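Here is my note on the model you sent. Keep the structure open while you read, and check each point against it.

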Amino acid sequence: MTQAPAILPKRPASADDLASLIAHAHSENSQIQLTGSASLPLTHYDPSRPLQPVSTLRLNKVLEHAVADMTVIAHAGITLEALQRQLAWQNQWLPIDPPALSGRGPGQRTLGGLIATNSLGPLRFGCGDFRLLILGMKWIDGSGTLIKAGGRTVKNVAGYASHRLMIGACGTLGALAEVTLRTFARPVDERCALFFCDTAARAESLIAQVFTAPVSPAYIQIIGREGFKKNPLQLPTSRMIVVVGFLDRPDICASQIDLVRALPEARALESISQTAAQAGRLRLWMTSEPSTTEPAPPHGSIAFRLHTLSSQSASLIEALEALAQKIGGTIWLVSEAGNGIIRGTNSTPNLHIFLRELQSLAAAHQSSLLITHSTFPLPAPRPDDFFRRLKSQLDPQNTLGLPTTSLTSL
Amino acid sequence: MTLAPPLPSTTHAAALDALRSLLGPANIISHPDDLLPYECDGFTIPRAAPLAVIFPTSTRQVSETLKILTAHRIPILPRGSATGLCGGIVPVSGGVQVSTVRMNTIHTLDLRNRFALVDAGVCNLALSDAVASSPYHFAPDPSSQRASTIGGNVATNAGGLHTLKYGVTVNHILGLEVVLGDGSIHILGGPRGHTSGPDLAGLLCGSEGTLAIVTRVWCRLTPRPRAFRTALAIYDSTQNACQTVADIIAAGIVPAALEMMDGSMVRIVEDAFHVGFPASAQAVLVIEVDGQNLGLDEDLAHIESLARKNNVVTFQGGSDPLRRAELWSARRRAFGAIGRISPSYCTQDACVPRSKLPAVIAHIASICSKYQLRITNAFHAGDGNVHPVLMYHENDPAEVQRALDASGEILRYCISIGGSVTGEHGVGIEKLPYMRHMFAPQDLQAMHRIRHALVPVDIMNPYKVLPRDNLDINLLHPQHNIPQ
């Protein structure tokens, strides 16, 4: 039996070209498999219908950088690295530091893919999310109609903000073509302080004090003991490491680090501060989970996100490490503790037991659990009522596919 | 889309009886005399009385209310404290206003996790007051914050004086509890924010009650700034003031607030509040930087150098909290002071790219001159959000019409240079015709489809936000040509 030849991906170079491809697929009752940097399997397609792969990698232009207005319009297929490079010429940037995925570094991921999966990193705490960054968008519905939403001004309440509907929708309600974003002046310096905590309670106490201190951190992270063993700075590990980072002028960063280190809880902890190069390297490392950078272990692995309350981050990390110790395997845990987001991976022969216990822990903490990667099949989540209603209007023929799993908020 | 046909009065009576039975007579107003104050919001040109105004006190009552109204095909008009400025609550096709003002409980204040869960009818300022002893506040600060409800802030995605640095309402909302027209109750997001799937709470923000009624809100609490510097920059030319704003933004500085008043507004404010503005000033900027104490003086010095480059006459900066409070109080009350010189006025709300402010302000002045209207300006210059105030005599229909025509010309011009028809007030019925200038037919059609997905029967605040084919609402007679 001969295998059917693989269909070459189409590579549109403009929003209109992408719209035409989707319109054609719609008219032929086929489906569009839209990929950016191909870092994530985003969608599920009907196997009985033809599938046309479409790459957005030629949709890679900065269309307009209004330097004085601090806004930029770019194609959705541009990589974050290319976009940041262009903005840097004018000493501007986008304060986003998404995780690396599927061997793709954060800079290789596309703007559209980041928005479609709502992928942000530690800077989300101090610099804001896509709601703040995105001013407008051109997106394409399931019939191939190119639709403009929002605008190019920093405030705008004209009509429905359908561009926000595209954040986290995995491209299943519309394909992103162009995005208008707010830009920011590049910070002069980055510094962070690491605190080595012997209990979750002390980590939580420290973070609670940072929250009420007269400082403005750009990120507050917790790293579990096992994960920190592989830190790129080869620093010693402890039960739990709290990282508090700042982006500002060098003197302001230094002053704020001094303030944090002078907090009552901090004074009792061993700590170390890192200046620009090391701080940036550490922050980048904190976004790169092992499942995406290392070969899959033979007995399988799982990657997950827990959305919990900030105050529960430390105790949940402690509980998850205890669970992994009981069941066996290697666990890696990093929390955007300021926002209560825990990202983790675990490789263990007892994955099904780990998953069951993980679900129990999430339920006990009223936390949302998202499985982002698994070496064994998981049931696809059922779209909720709101999603089904919107899908029926924006892509009733299901040209753009359905979410395979909760691959959002990465 | 199914349009609600005219209903016999017996149907109205049956619906009102059902609502009285559900809510109790104290929570419903239906006598025509009592309905007069409910004919309009802060945009007072279009007026029409609702069939009734009801005051549910719980999400369950909102749900049951909406089921009754939908069953009787009576339009549902969500209402907060009616401080809106675009006619968003005017019952152009009849209907019942559903007010959330008696749903005003703050359920949760979780300072450690920086959020509050509040009823939609909680007043904006009441939330900040409730956490006044903590390091936090609710950052959106519309000028109406003493009266406007948080549910209303969500419905209009309200802005304010300090949104330049801190963002608008949607940036401070973690989750919503909403009720659809069919009475179904939905939770979108929550204390943990947007965790998975499309950002539905983000979509609902700014939908002006045309998709659902917001009943409870998870609000993000934001650290109050610890230190600040406030500056008053006085100019003898609006162009120089506008150019300073453009230069500050282009320099990458993000002040907490960057407000401008033109010469006529300066005199109105000075006459009312005596804050020390010189009578000869043609424009003033009120500028605030905040954050860590260290660095603020340098930021202010940078701003002062940009102001001097643009020929500022006087630049007064400092950290005196009393002077700061005086300046912001005057700015917040500026619109109220206009009543001293004109009984009626309408405020426009276009938002433009900030580099184009100098040209925009000059062009607005020329439009108002052409229409022989008095105009004054107090606006969020740092956001590019202009608020030209067009003054008219309510009893002079020709002048009212000129004010409407001039407004239209201003909005079309702002759209033509890449701006938005509304930065923070919303579309309501006021700006419906200009949506066609800003969006192509397929863009508006997509919005209609989104609405149809959530509102299959055209019952939630109909005729607002989205223009309809072959229908222009006459603002002087808003119910004309519309089925009642």
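Start with a crossing in chain B: helix 8 of chain B passes helix 13 of chain B in a right-handed crossing. Bear in mind that this is a predicted model.

1. **The angle of that pair.** Helix 8 of chain B covers residues 238–250, and helix 13 of chain B covers residues 357–370. They pack at an angle of about 150 degrees, and their axes are 8 Å apart. Angles over 145 degrees count as roughly antiparallel. Helix 8 of chain B and helix 13 of chain B are therefore roughly antiparallel to each other.

2. **Who meets whom.** Find the residues on each side. Helix 8 of chain B brings Thr238(B), Gln239(B), Cys242(B), Gln243(B), Val245(B) and Ala246(B). Across from them, helix 13 of chain B brings Leu357(B), Pro358(B), Ile361(B) and Ala362(B). Sorted by type, the residues of this contact are seven nonpolar, three polar and no charged.

3. **A helix pair in chain A.** Now turn to helix 7 of chain A (residues 200–212) and helix 13 of chain A (residues 313–327). Their packing angle is about 160 degrees, with the axes 8 Å apart. The cut-off for roughly antiparallel is again over 145 degrees, and helix 7 of chain A and helix 13 of chain A are therefore roughly antiparallel to each other. Helix 7 of chain A passes helix 13 of chain A in a right-handed crossing.

4. **The residues of the chain A pair.** Ala200(A), Ala203(A) and Glu204(A) make the contact from helix 7 of chain A. From helix 13 of chain A come Ala314(A), Ser315(A), Ile317(A) and Glu318(A).

5. **Where the chains touch.** How many residues of chain B are in contact with chain A? There are 67, and they touch 58 residues of chain A. On the chain B side, the elements that give two or more residues are helix 7 (200–204), helix 8, helix 15 (432–438) and helix 16 (441–454) of chain B. Helix 16 of chain B gives the most, with nine residues. By type, the chain B side divides into 28 nonpolar, 30 polar and nine charged.

6. **Chain B as a whole.** Chain B has 16 helices and 18 strands. Its radius of gyration is 23 Å, close to the 23 Å that the globule rule gives for 484 residues, so chain B is as compact as a globular protein of that length. The C-alpha atoms fill a box of roughly 70 × 55 × 40 Å along the principal axes. Buried residues make up 57% of chain B. Look also at its contacts with a separation of 6 or more: residues 24 or more positions apart account for 72% of them.

7. **Two backbone angles to check.** Most residues other than glycine have a negative phi. Asn157(B) has a positive phi, near 50 degrees. Asn470(B) also has a positive phi, near 55 degrees.

8. **Where those two sit.** Is Asn157(B) buried or exposed? Asn157(B) has 26 other C-beta atoms within 10 Å, and 20 or more count as buried, so Asn157(B) is buried. Asn157(B) lies in the loop between helix 5 (150–156) and helix 6 (163–166) of chain B. Asn470(B) is in the segment after helix 16 of chain B. With 5 C-beta neighbours inside 10 Å, Asn470(B) counts as exposed.

Key:
Residues are numbered from 1 along each chain as its sequence is written. Chains are lettered from A and ligands numbered from 1 in the order in which they are written. This is a predicted model: local features need pLDDT of at least 70, side-chain atom pairs count only at pLDDT 80 or more; totals for chains, interfaces and linings use all residues. Axes are lines fitted to C-alpha atoms, for helices over the stretch in contact, and angles run from 0 to 180 degrees between N-to-C directions. Helices (H or I, at least four residues) and strands (E, at least two) are DSSP runs, numbered from the N terminus. Angles under 35 degrees count as roughly parallel, over 145 as roughly antiparallel, 65 to 115 as roughly perpendicular and the rest as oblique. A crossing is left-handed if the near helix is turned anticlockwise from the far one by less than a right angle, and right-handed if clockwise. Two residues are in contact if their C-beta atoms, placed from the backbone, lie within 7 Å. Ala, Val, Leu, Ile, Met, Phe, Trp, Tyr, Cys and Pro count as nonpolar, Asp, Glu, Lys and Arg as charged, and the others, Gly among them, as polar. The radius of gyration is taken over C-alpha atoms; the globule rule is 2.2 Å times the number of residues to the power 0.38. A residue is buried if 20 or more other C-beta atoms lie within 10 Å of its own, exposed if 12 or fewer, and partly exposed in between; C-beta atoms are placed from the backbone.
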